[in-house]
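Colleague: I am new to this structure and would like a close look at a single part of it. Please take me through that part and then through what lies around it.

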Amino acid sequence: MIFKCQERVRVSFCCDFFGVSRSWFYKWRSRKQALDFRSSKAICEEIKNSFEGSKKTYGSPRVHSDLRDKGFKVSENTVAKYMKEMGLSACLKKRHKVMTTDSRHCHPVAERLFKAEEEGCIPLGLGEILAGDITYLKLLNQSYIYLAVVLDLYNREVLGWSMLRSLKTRLVLSALDMAMKKVGSQAEVIFHSDRGVQYASEAYRSFLKNQNIRPSMSRKGNCFDNAYVESFFSSLKKEVIYRKNPNTEEQMRQFVFEYIETWYNPKRKHSSLDMMSPKQYREFKQ
């Protein structure tokens with residue numbers, strides 16, 4: 001209010017009106033500017049800490065959430081402005097995509113039980129609907145390793161994962177077996193996947209039958225049902241693989257393990273989970 005007076009009328013008039021001396025006004029203004037500078041400096045330092053702590057993967061929404069958790073009163077737009085000024089960007093360019101889904105087979109196709117477009121499709125509890133998919137991970141020597149994961153759609157937690165040099169069915173079976181050991185044999189589970197041959201093979205169908213798992217498959221050419229798993233793959237590649245560029249299979253396995261088990265599941269903030277990690281959200285809801 002005093003600054004508005006200063007812009008429109010003389011300082012002496014404002015000081016007389018509010019009953020303060022001119023020396024007090026200038027002292028107050030200098031102190032406020034110093035406090036604003038120190039506050040901005042502290043915010044910028046905390047932004048750097050959050051960005052570095054996320055291994056340079058957090059954008060302004062998650063950095064803003066970190067600052068709020070630590071008691072800083074600052075808007076997301078201000079955080080974005082400071083990050084831009086400091087050159088802190090988590091963005092990376094997209095890379096060439098390799099197809100991992102072969103739906104041209106003669107195996108049976110399961111009914112589409114999980115329908116992402118329907119209201120209330122997300123499960124109400126842990127272990128009710130799991131989703132899985134396969135992606136490729138490229139090494140510097142131009143060879144590929146394939147990764148299969150199983151996500152719990154309730155809290156986006158990676159329950160199971162497996163890596164192989166080939167796209168054999170045991171790739172997806174190993175990931176699903178790992179997930180079911182965490183969910184429990186008594187759980188009533190729907191497992192959703194695409195129509196890839198690995199998810200339609202006799203060995204896969206036999207595993208689901210023995211575990212009392214109900215299979216669900218996307219419609220032909222529909223990728224929306226598995227968008228949750230695709231989102232995880234995108235985060236993994238942009239936040240680790242494209243930054244680290246592993247040269248050996250051992251390095252790749254180590255990076256994937258560390259990302260899933262020490263970062264994504266326990267710590268990485270998720271925008272759809274009220275800025276909690278999958279593990280934090282699970283514990284919060286239990």
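In which hand of crossing does α8 pass α9?

Modeller: This is a predicted model. In it, α8 passes α9 in a right-handed crossing.

Two packed helices are described by the angle between their axes and the distance between the axes. Helix α8 covers residues 227-244 and helix α9 covers residues 249-264. The two pack at an angle of about 125°, and their axes are 11 Å apart. Angles of 65 to 115 degrees would count as roughly perpendicular, and those over 145 as roughly antiparallel; α8 and α9 are therefore oblique to each other.

The contact can be read residue by residue. On the α8 side, the residues are Phe-232, Ser-235, Leu-236, Glu-239, Val-240, Ile-241 and Lys-244. They meet Met-252, Phe-255, Tyr-259, Ile-260, Trp-263 and Tyr-264 in α9. By class, the residues of this contact of α8 with α9 divide into ten nonpolar, one polar and two charged.

Strand β1 (residues 129-138) and strand β2 (residues 144-152) run antiparallel and are joined by nine bridges. Within this pair, Asp-133 stands opposite Val-149 in β2, and Thr-135 has Leu-147 in β2 as its bridge partner. The two strands form a hairpin with five residues between them. In the turn of that hairpin, Gln-142 has a positive phi of about 75°.

Strand β1 also pairs with strand β4 (residues 189-193). Here the strands run parallel, and three bridges join them. The bridge partner of Leu-130 in β4 is Phe-191. Strand β1 is mostly covered, with nine of its ten residues buried.

Helix α6 (residues 169-183) and helix α7 (residues 202-210) have axes that come within 9 Å and cross at roughly 15°. That angle makes α6 roughly parallel to α7. Helix α6 passes α7 in a right-handed crossing. In this contact, Thr-169, Val-172, Leu-173, Leu-176 and Asp-177 in α6 meet Ala-203, Tyr-204, Phe-207 and Leu-208 in α7. The residues there are seven nonpolar, one polar and one charged.

With 36% relative accessibility, Pro-61 counts as partly exposed. Leaving aside residues up to four places away in sequence, Pro-61 touches Glu-76 and Met-275. Pro-61 and Met-275 are 214 residues apart along the chain, and their C-alpha atoms are separated by 9.0 Å.

Methods
Residues numbered from 1 in each chain as written. Predicted model: local features only at pLDDT ≥ 70, side-chain atom pairs only at ≥ 80, totals over all residues. Heavy atoms only, no water. Axes fitted to C-alpha atoms, helices over the stretch in contact; angles between N-to-C directions. Helix = DSSP H or I, 4+ residues; strand = E, 2+ residues; numbered from the N terminus. Parallel < 35°, antiparallel > 145°, perpendicular 65-115°, else oblique. Left-handed = near helix turned anticlockwise from the far one by under 90°. Contact = heavy atoms within 4.5 Å. Nonpolar A, V, L, I, M, F, W, Y, C, P; charged D, E, K, R; others polar. Buried < 20%, exposed > 50% of the residue type's maximum accessible area, 1.4 Å probe, protein only. Pairing = 2+ DSSP bridges.
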